[in-house]
Amino acid sequence: MSNSRIVKYTCPYCKRGFDVEIWDTVTASSDPDLRDRCVSGDVFRLSCPHCKEEFMVQYPLVYIDEDHKFVLWLSEKEAPVSLKQTTKPLTERGYVLRRCATLKEFCEKIQILEDGVSDVMAELAKYDSFIEFTDNGKGTPEEITAVEYQRTENGIMKITVRCGDKGMSFLIPLTMLEEEIAQNPELYEVSNDIFPLINSEWIMSLYQEADGTA
Ligand SMILES: [Zn+2]
């Protein structure tokens with residue numbers, strides 16, 4: 001069951017107050033419309049009834065997908081104790097548990113896990129694409145504005161590296177990513193325990209730590 005509540009919100013533009021509906025829990029399988037509004041970001045788009053300005057507001061949310069077996073905690077902060085207490089029974093039932101720090105990470109994570117692929121693999125594919133893009137002189141790390149997961153079809157993962165309005169796509173076979181992970185399985189091991197943050201900073205931290213001890 002999805003749960004929402006009405007809270008008072010102060011418009012950042014005109015500073016006047018208004019009521020908004022925010023969602024504490026979204027259950028994707030029973031509320032497909034709400035799932036779509038999470039992926040599009042509409043759930044977080046507020047409109048001020050006074051000055052008509054629109055803006056995005058990120059608030060903590062628990063997102064549950066029973067069909068694809070994952071639970072996401074959207075927040076800049078670690079999961080609360082009440083949520084961490086659910087990790088063991090959910091892990092036993094085969095769930096993937098993750099924290100997403102930003103809306104962008106949240107939308108992307110839903111797509112990755114709905115596609116039934118590992119998000120560790122997706123982060124590795126994004127990292128590899130980033131390295132290939134810069135190594136081939138297509139752009140400098142500073143020029144890159146985004147590295148995005150697109151989709152996985154027939155065992156091929158598609159990643160796009162963007163430099164402003166230009167973009168370049170990379171098609172990476174899952175078997176290649178599996179081999180890369182198999183070379184150093186401990187490095188990529190992830191535990192559900194604390195609703196871990198699996199994002200680009202996470203994968204970069206793995207390599208920095210590996211360099212540091214070499
Ligand atoms: Zn306003």
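Select Glu-148 and Thr-160: Glu-148 stands opposite Thr-160, which is in strand E9. The model you are looking at is predicted; local features need pLDDT of at least 70, side-chain atom pairs count only at pLDDT 80 or more, and totals for chains, interfaces and linings use all residues. Residues are numbered from 1 along each chain as its sequence is written.

Next, select strand E8 and strand E9 (residues 156-163), which run antiparallel and are joined by seven bridges. Strands here are DSSP runs (E, at least two residues), as are helices (H or I, at least four residues), and both are numbered from the N terminus. Two strands count as paired if DSSP finds at least two bridges between them. Strands of a sheet pair through backbone hydrogen bonds, either parallel or antiparallel.

The three strands make an open sheet in the order E8-E9-E10, with antiparallel pairing. Strand E8 (146-153) and strand E10 (166-173) are at the edges with a single partner strand each, so one side of each has no neighbour in the sheet. From one strand to the next, the twist averages 20°.

Now show the helices on this sheet. Helix H5 (residues 119-135) lies across E8, E9 and E10, at about 50° to E9. Helix H6 (residues 174-182) also lies across E8, E9 and E10, running at about 75° to E10. For these angles, axes are lines fitted to C-alpha atoms, for helices over the stretch in contact, and angles run from 0 to 180 degrees between N-to-C directions. Two residues are in contact if their C-beta atoms, placed from the backbone, lie within 7 Å.

Move to strand E5 (residues 61-65). Strand E2 (residues 17-27) pairs with E5 in the parallel sense over three bridges. Here Thr-25 stands opposite Val-62 in E5. Val-62 also stands opposite Trp-73 in E6. Strand E6 (residues 70-74) runs antiparallel to E5, and five bridges join them. E5 and E6 form a hairpin with four residues between them, and Lys-69 in the turn has a positive phi of about 55°.

Finally, colour the protein by domain: domain 1 is 3-114 and domain 2 is 119-183. These bounds come from an automatic or database domain assignment. The C-alpha centres of the two domains lie 26 Å apart. Six residues from domain 1 and four residues from domain 2 make the contact. On the domain 1 side, helix H4 (residues 103-114) gives the most, with five residues.
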